[in-house]
Amino acid sequence: LVWADGMQDWAPLEEVPELTGIVRSLPPELPPITTRDRLASLPPAGPWRRFFARTIDFWVLSLPTGFLVARMLAAYSPGFALWIQSPGSTVAFGWLVAPIVLAVEALVFAVFGTTLGKGLLGVKVTTSGAGRVSGLEYLKRQVGVYWYALGTGFPLASLFTMARQYGHLKAGRPTW
C-alpha cells in the first residue's frame with residue numbers, strides 16, 4: 001500500500017498510475033534459503049576445533065569399544081587374556097583397536113548425523129557441495145583419516161601426517 005499528499009486513502013501500488021513503472025521494475029521475490037545454501041555459507045571449522053572434536057570422539061568411543069573388544073577376545077581366547085596383562089600389550093592393543101573405533105564412529109555418525117565431539121564443538125561434516133554425508137561416505141572418510149591424518153596411530157608418523165593436514169587446513173584446502 002502507498003499514500004501521498006492529495007490521496008484520500010491508502011491504495012495498492014499497482015493502482016497508482018504514477019507508480020506503475022516502479023511495479024514493472026521490481027525484481028522477483030528472493031528464493032527461500034535452502035539447507036545447502038546455509039551449510040555452504042558456514043565458515044570452515046578451524047584446525048583446532050576439528051582436532052579437539054576428533055580427540056573427544058576418539059576417546060569417548062575408544063574406551064567402550066576397546067573394553068568390549070578386549071572382553072570378547074578374552075572370552076574367546078585365554079591366551080589373549082594372559083597377553084593383555086603383559087607390559088606394553090595395552091599400547092599394542094590400542095593401536096590394533098584404532099581402526100575399529102573409527103568404524104564405530106562412522107556408525108554413530110550414520111545413526112545420529114553427527115558425533116559427540118562434533119556436536120559439542122559445532123563441527124559440520126558435509127560433502128564438497130555442502131550436502132549431507134552418508135554413513136558409507138563417512139566410513140570412507142574414516143579410512144582416509146586413519147592413513148593420512150592419524151598415520152595409522154604410530155606416534156612419529158602421526159606427528160607428520162597431522163602437521164601436513166594442518167598445513168592443508170591453513171591453506172584452505174580439503175583434508176581428511
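Trainee: How many residues of the lining of the second largest pocket are nonpolar, polar and charged?
Mentor: The lining of the second largest pocket has 16 nonpolar, eight polar and one charged. Here Ala, Val, Leu, Ile, Met, Phe, Trp, Tyr, Cys and Pro count as nonpolar, Asp, Glu, Lys and Arg as charged, and the others, Gly among them, as polar. Keep in mind that this is a predicted model, where local features need pLDDT of at least 70, side-chain atom pairs count only at pLDDT 80 or more, and totals for chains, interfaces and linings use all residues. Residues are numbered from 1 along each chain as its sequence is written, and side-chain values use heavy atoms, with hydrogens and water left out.

Trainee: And where is empty space left?
Mentor: Rolling a probe the size of a water molecule over the atoms shows that. A pocket is an open set of points on a 1 Å grid over the protein atoms alone, where a 1.4 Å probe fits, with protein on both sides within 12 Å along at least five of seven lines; lining residues have an atom within 4 Å of a point. The second largest pocket holds about 640 Å³ of space, a volume being the space filled by probe spheres set on the points. Its lining counts 25 residues, and F58, W59, S62, G94 and A98 lie nearest the centre. Helix α3 gives the largest share of that lining, nine residues. Helices are DSSP runs (H or I, at least four residues), numbered from the N terminus.

Trainee: What about the largest pocket, how much space lies in it?
Mentor: About 1,300 Å³. It is lined by 38 residues, with A45, R50, R141, L169 and T175 nearest its centre. By class, that lining has 21 nonpolar, nine polar and eight charged residues. α3 supplies the largest share here too, six residues, while α2 (35–40), α3, α7 and α8 each supply at least two.

Trainee: Which residues of α7 are buried?
Mentor: Y138, R141, Q142, G144, V145, Y146 and A149. Buried means under 20% relative accessible area, exposed over 50%, partly exposed in between (1.4 Å probe, protein chains only). These buried residues of α7 pack against α3 (47–76), α5 (89–112), α6 (116–121) and α8 (155–170), with contact meaning heavy atoms within 4.5 Å.

Trainee: Now the rings. How do I describe a pair of them?
Mentor: With two things, the distance of the centres and the angle of the planes. Rings of Phe, Tyr and Trp (its six-membered ring) pair if their centres lie within 6.5 Å; planes under 30 degrees apart count as stacked, over 60 as edge-to-face and the rest as tilted. By this rule there are nine aromatic pairs. Take W48 and F52: their centres are 6.3 Å apart and their planes at 35°, so the pair is tilted. Both lie in helix α3, four residues apart, about one turn of the helix.

Trainee: Is W48 buried or exposed?
Mentor: W48 is exposed, at 53% relative accessible area, whereas F52 counts as partly exposed at 44%. Another tilted pair is F80 and F93, 5.6 Å centre to centre with 55° between the planes. F80 sits in helix α4 (residues 78–83) and F93 in helix α5, 13 residues apart. F80 counts as buried at 12% relative accessibility, and F93 counts as buried at 10%.
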